[in-house]
Amino acid sequence: MTEGVKRVAVVPGDGIGPEVIEEAVRLLERLRETHGVRVELKHFDWGADKFLKEGVGLPEGALEMLSDEFDAVLAGAFGDPRVPSNQHAEEILLGMRRGLDLYINLRPVRLLHERLTPLKGRAVGDVDFVVFRENTEGSYTGMGGFLKKGTPDEVATQEEVNTRKGVERICVAAFEYARARGRRKVTMCDKSNVQRFGGDLWQRVFREVAARYDGIEANHQYVDAAAMFMILNPAQYEVVVTNNLFGDILTDLGAALQGGLGLAASGNIHPGRVSLFEPVHGSAPPLAGKREANPAGAILSTALMLEYLGHAEAAAAVERAVRESIAAGETTRDLGGPLSTPEAGEKIIGRVNGKS
Ligand code: NAD
Ligand code: IPM
Ligand code: MN
């Protein structure tokens, strides 16, 4: 590997994935000139087309290849109406999250312009928190089964897995982030009033971890109440930590608070290892091929990736460019603007100008 050059696996995926990733790739090319960001990109065609043609979701050996040869993965979205089982998406996306042990799903919820939030009378600083979603266990392990399937007596079980190690490391990640970024409160959301065993473990481990972090308030909310308070009073949140399923749901809510799924970014991270960056949105089949999708979620995910790869200044420049484009009304239709996907991408990229 060339010194200083980072290797990024690009997996555009399905639906609007390729359209938004194309803009992210153009952005990376631009950053080479403006900020000396040196990344070597290699594209992979994993997705529904390949799955339908070859029956392959995540190819054999892919996880080892990613760990051995790459610093990061930049992905679009996975999901296609032609694969109703969602099997390929599960293999690829959940396969990478679990197989690469990417235990932190980092999902910032940040309002970039006050006109974008559906809430009344909120300023940008009122919506500014980060969700730490546990990303390798919970309801996502695929454990469970059927009994008497297809009969009137059918039983379906879906297990939720919570390990001490898994709960502890996501809580530690949330507190470490709070400490590093000067955030003073971490809120843990669960449903421990009903989920007695998993919830009990989360409660105990959260308190134990919190005790190691002086000066950071450890707050707890039941997740149903949190879903309400995020709308009524989002300013109370700084860092949120929660399990895989609740984190999935709360971050779509968070996406709505910041202007919609078109803007929401995420990182699937195992510190020090190859990590995966992708917009929070899915493949949005109704928008696919129409050049209407907002590329900002993919672009802001690329900024998270750049920060992870040690290019904090370039990441900040990208964020600033997105913010300026929004302020200037240079957006796709989901944000009320007139632009197509490539036009919106071009405007953002054009605003990333040199070092600052
Ligand atoms: P979705 O996020 O794909 O789309 C929901 C709606 O949000 C869209 O119809 C559209 O109105 C809006 N939207 C999403 N992204 C947008 C963008 N970039 N610009 C403008 N508007 C945007 O969710 P869905 O419809 O529930 O799921 C579609 C498929 O995507 C399913 O197969 C699902 O499993 C999959 N999915 C994949 C991921 C992923 O790969 N990370 C995430 C969520 C859903
Ligand atoms: C997300 C998506 C995925 C999830 C699906 C597509 C498996 O909704 O990344 O938020 O549930 O994690
Ligand atoms: Mn989701």
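User: Why is Arg 98 called partly exposed?

Analyst: Good place to start, and keep in mind that this is a predicted model. Arg 98 has a relative accessibility of 37%. Buried means under 20% and exposed means over 50%, so at 37% Arg 98 counts as partly exposed.

User: Where is Arg 98 found, and which residues is it in contact with, leaving aside its neighbours within four places in sequence?

Analyst: Arg 98 sits in helix H4. With those neighbours set aside, its contacts are Thr 136, Tyr 140 and Thr 141. A related pair is Arg 98 and Glu 137: they are 39 residues apart along the chain, and their C-alpha atoms are separated by 8.1 Å.

User: How do you know that helix H4 is short of the span of a straight helix?

Analyst: H4 covers residues 87-99, which makes 13 residues. A straight helix would reach 18 Å at 1.5 Å a residue, but the end C-alpha atoms of H4 are only 16 Å apart. For the buried side of the story, the residues of H4 that count as buried include Ile 92, Leu 93, Leu 94 and Arg 97. After H4 comes Asp 101, with a positive phi near 55 degrees.

User: And what is the span of helix H5 against the expected one?

Analyst: H5 runs over residues 164-181 and has 18 residues. From its first C-alpha to its last it reaches 26 Å, close to the 26 Å expected. Its buried residues, among them Val 167, Ile 170, Cys 171 and Phe 175, pack against several elements, including strand E4 (104-110), strand E5 (128-134) and helix H6 (196-210). Just after H5, Gly 182 has a positive phi of about 70 degrees.

User: Where is Lys 148, and what is its phi?

Analyst: Lys 148 belongs to the loop between strand E6 (144-147) and strand E7 (155-158). Its phi is near 55 degrees, again a positive value in a residue other than glycine.

User: Why is His 43 called partly exposed?

Analyst: The relative accessible area of His 43 is 48%. Exposed would need over 50% and buried under 20%, so His 43 is partly exposed. His 43 lies in strand E2 (residues 39-43). Apart from neighbours within four places in sequence, His 43 is in contact with Val 10, Pro 12 and Val 25. The C-alpha atoms of His 43 and Val 10 are separated by 4.7 Å, although the two are 33 residues apart along the chain.

User: Stepping back, how do you know that the protein agrees with a compact globule?

Analyst: With 356 residues, a compact globule would have a radius of gyration near 21 Å, and the protein has 20 Å, so the two agree. The C-alpha trace spans about 55 × 50 × 45 Å along its principal axes. Of the 356 residues, 54% count as buried. The secondary structure comes to 11 helices and 12 strands.

User: How far apart are the centres of the positive and negative side chains?

Analyst: They lie 3 Å apart, for 42 positive and 50 negative side chains.

Note on methods:
Residues are numbered from 1 along each chain as its sequence is written. Chains are lettered from A and ligands numbered from 1 in the order in which they are written. This is a predicted model: local features need pLDDT of at least 70, side-chain atom pairs count only at pLDDT 80 or more; totals for chains, interfaces and linings use all residues. Side-chain values use heavy atoms; hydrogens and water are left out. Helices (H or I, at least four residues) and strands (E, at least two) are DSSP runs, numbered from the N terminus. The radius of gyration is taken over C-alpha atoms; the globule rule is 2.2 Å times the number of residues to the power 0.38. Buried means under 20% relative accessible area, exposed over 50%, partly exposed in between (1.4 Å probe, protein chains only). Lys and Arg count as positive and Asp and Glu as negative; His and the chain ends are not counted. The place of a charge is taken as NZ of Lys, CZ of Arg, CG of Asp or CD of Glu. The expected span of a helix is 1.5 Å times one less than its number of residues. Contact means heavy atoms within 4.5 Å.
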